[in-house]
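Colleague: I would like to go through this structure and ask for the grounds behind each label. Please show it before we start.

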2 protein chains.
Amino acid sequence: MAVYTDVAAEELAEFLRGYDIGELLSYKGIAEGVENSNYLLHTSKGSFILTLYEKRVASEDLPYFLTLMSHLAERGIRCPQPEKNRGGAVFGTLMGRPAAIINFLEGVWPRRPNVAQCAAVGEGLARLHLAGQDFPLRRANPLSVGGWRALFEQSAAGADPLQHGLHALLHAELDYLEHAWPKQLPDGVIHADLFPDNAFFLGDTLSGIIDFPFACNDILAYDVAICLNAWCFEPDHSFNVTKARAFLGGYGRERPLTTSEEDALPLLARGAALRFLLTRLVDSLNVPAGALVRPKDPLEYARKLRFHQSVDSIRDYGVTASGVVA
Amino acid sequence: MAVYTDVAAEELAEFLRGYDIGELLSYKGIAEGVENSNYLLHTSKGSFILTLYEKRVASEDLPYFLTLMSHLAERGIRCPQPEKNRGGAVFGTLMGRPAAIINFLEGVWPRRPNVAQCAAVGEGLARLHLAGQDFPLRRANPLSVGGWRALFEQSAAGADPLQHGLHALLHAELDYLEHAWPKQLPDGVIHADLFPDNAFFLGDTLSGIIDFPFACNDILAYDVAICLNAWCFEPDHSFNVTKARAFLGGYGRERPLTTSEEDALPLLARGAALRFLLTRLVDSLNVPAGALVRPKDPLEYARKLRFHQSVDSIRDYGVTASGVVA
């Protein structure tokens, strides 16, 4: 939940005079996103989301996120599209913070994604990757392999108190992945955080992909690996091979994985699991007093990491080589 | 901010099948109300608010609140109106909690109410009082004079540590009000919590009165006194006599105060100030670890109480006897 900055009606009305989106009818702070303050606006022209970017989103990165969303939307990806103000800018300043208005996407995110939804998100991710191929801006991924050692060093002391043996697991995995991480795989724009709460559905139809503050340029198949972790495990942390097959099948219908990508997928999935394990561990060790958000469980990703360590090839994810569904 | 209970899309869709309000398009937890969990729903038939009643609202009181809103709305008061489900009931059960769906009211609440808005809320409060006259259900006010001593006893030890002399102020005021509280004034349905955040405006037009969990049967002029406290002081706690005159003038145009009510208003205003001082003091001494809501400042109401103690008659609120604006 995230409404950190209270926006007064009077200030908001003034801010909206800079836009051509109609008269303000109502606005509600919404409990969505953990990095920013978000409001749902109703105006005489429709529904919009107002986002105030809090400190964790560096304002120098805003042009990347906002123009990326415009770029993807122009290419048919259903994602939020920033409204331009009367000066042509995609963000301004409200309550002392960078603030943007995006169009509202209908849809609900599935707490328990089903197989059809896994397939749909696979297709959607592949289409997003294709639509991003000609995006001109670049942003390195601070949470890829090059960023993990610093996270490990911040959190190493807290590992074994949380689970005996976790420190050794992290240490060995980090050494291995830093050595083995692939350098020649196809890259491009990735979402990097396409969890179920960032995917809206109407029924089983994907109606929107939201929340781009982690978007960056990186290995495309790493994004696939993140989704394997985020969509294909059950609440008891068991791996659901039917969902994985549906997800990878959906992806492959839009953008077939290369043989190199397929070969690398288990390793990339280990990396994705390590990334969320490390960031969750850091977050769990740094909960401020009176925090609004309960930290997510790091050990969920320790279990997923151990699962991927046991995987030999993409066949274990339910897919035969060359994208043919097993 | 208040979203205590996370509602899964799957459970919500099931719950909505009991209503004839269209297909679910989206829902967002909203940061509004402090007693309950609230969601803004978009369906194919419009916008609605879903409320899950958390433990502080006793479910035996729900029929009172919900039928009151229906009763008032039928008499032209712009307030939320509960949707009936297919069984004709105004609430059901969702995620193990009593849950109701009300229509969505457009409007924004003013952080800095202006004079015209104070006049409008005065008119609106009087119209609410008139519309409630034939409401058949009754609910005693647990937060009127009879409830204050228990609050004082819960919080007495914390008074002087907060402000030197506060304990003596509370003690003497409570003795005085218990003795002097009027028993013969006109009574009826009161909102009992009509603060600016419960009044929606479009421009200076009152577009809705929301949030009825404190509604009850009590002295009508006590509701007027609550609003004097809530609407007619500036952020520096100074009393704005122009706003008070506008508020009382607006009220009087719809429902003129009787002479007895006018005479009692300073005393009722002291009581209203004491009520919010005591509940805020109790809340500030009982902040749970990790609370989502920062407690409101009790001392704001100690200053207001002292102001009302200095008032001789309704003339000091800007109004001559018999409702004539001074």
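Modeller: A definition first: strands are DSSP runs of E with at least two residues, numbered from the N terminus. By that count B:Met95 sits in the loop between strand 4 (92-94) and strand 5 (97-103) of chain B. Keep in mind that this is a predicted model.

Colleague: Why is B:Met95 called partly exposed?

Modeller: Buried means under 20% relative accessible area and exposed means over 50%. B:Met95 has 30% relative accessibility, so it counts as partly exposed. Its phi is near 50°, a positive value in a residue other than glycine.

Colleague: What is the phi of B:Ala192, and where does that residue lie?

Modeller: Phi of B:Ala192 is near 75°, again positive in a residue other than glycine. B:Ala192 belongs to the loop between strand 6 (187-190) and strand 7 (199-202) of chain B.

Colleague: What makes B:Ala192 count as buried?

Modeller: The cut-off is under 20%. B:Ala192 has 5% relative accessibility, so it counts as buried.

Colleague: How do you know whether A:Val90 is buried or exposed?

Modeller: By the limit of 20% for buried residues, A:Val90 is buried because its relative accessible area is 14%. A:Val90 lies in the loop between helix 2 (62-74) and strand 4 (92-94) of chain A. Neighbours within four places aside, its contacts are A:Leu66, A:Pro82, A:Glu83, A:Lys84 and A:Ala100. The C-alpha atoms of A:Val90 and A:Thr67 are 8.0 Å from each other, with the two residues 23 residues apart along the chain.

Colleague: Which class does B:Leu220 fall in, and what does this residue touch?

Modeller: With 2% relative accessibility, B:Leu220 counts as buried. It is part of helix 7 (residues 220-231) of chain B. Beyond four places in sequence, B:Leu220 is in contact with residues including B:His129, B:Pro186, B:Ile190, B:Tyr251 and B:Glu261.

Colleague: Why is the crossing of helix 4 and helix 9 of chain B given a hand, and which one?

Modeller: A crossing is left-handed if the near helix is turned anticlockwise from the far one by less than a right angle. The crossing of helix 4 and helix 9 of chain B is left-handed. Their axes come within 9 Å and cross at roughly 35°. Among the residues making the contact are B:Trp148 and B:Phe152 of helix 4 of chain B, and B:Leu274 and B:Leu278 of helix 9 of chain B. By class, this contact has eight nonpolar, four polar and one charged residue.

Colleague: And what hand has the crossing of helix 3 and helix 8 of chain B?

Modeller: That crossing is right-handed. Helix 3 (residues 115-131) and helix 8 (residues 241-254) of chain B pack at about 30°, with their axes 7 Å apart. The residues of the contact are 10 nonpolar, four polar and five charged.

Colleague: Which residues have the most contacts inside the largest nonpolar core?

Modeller: They are A:Trp148, A:Phe247, B:Trp148, B:Trp231 and B:Phe247, in a core of 187 residues. A:Trp148 touches, among others, A:Leu143, A:Trp181, A:Tyr222 and A:Leu278.

Colleague: How do you know how the two copies are related?

Modeller: Chain A superposes on chain B by a rotation of 180° with 0.0 Å of shift along the axis, at an RMSD of 0.0 Å. The copies are therefore related as by a two-fold rotation axis.

Colleague: What makes you say that the copies meet through the same surface?

Modeller: 100% of the interface residues of chain A are also interface residues in chain B, so the surface is the same.

Terms used
Residues numbered from 1 in each chain as written. Chains lettered and ligands numbered in written order. Predicted model: local features only at pLDDT ≥ 70, side-chain atom pairs only at ≥ 80, totals over all residues. Heavy atoms only, no water. Least-squares fit on C-alpha atoms with pLDDT ≥ 70 in both. Contact = heavy atoms within 4.5 Å. Axes fitted to C-alpha atoms, helices over the stretch in contact; angles between N-to-C directions. Helix = DSSP H or I, 4+ residues; strand = E, 2+ residues; numbered from the N terminus. Nonpolar A, V, L, I, M, F, W, Y, C, P; charged D, E, K, R; others polar. Core = buried A, V, L, I, M, F, W, Y, C linked by side-chain atoms within 4.5 Å. Buried < 20%, exposed > 50% of the residue type's maximum accessible area, 1.4 Å probe, protein only.
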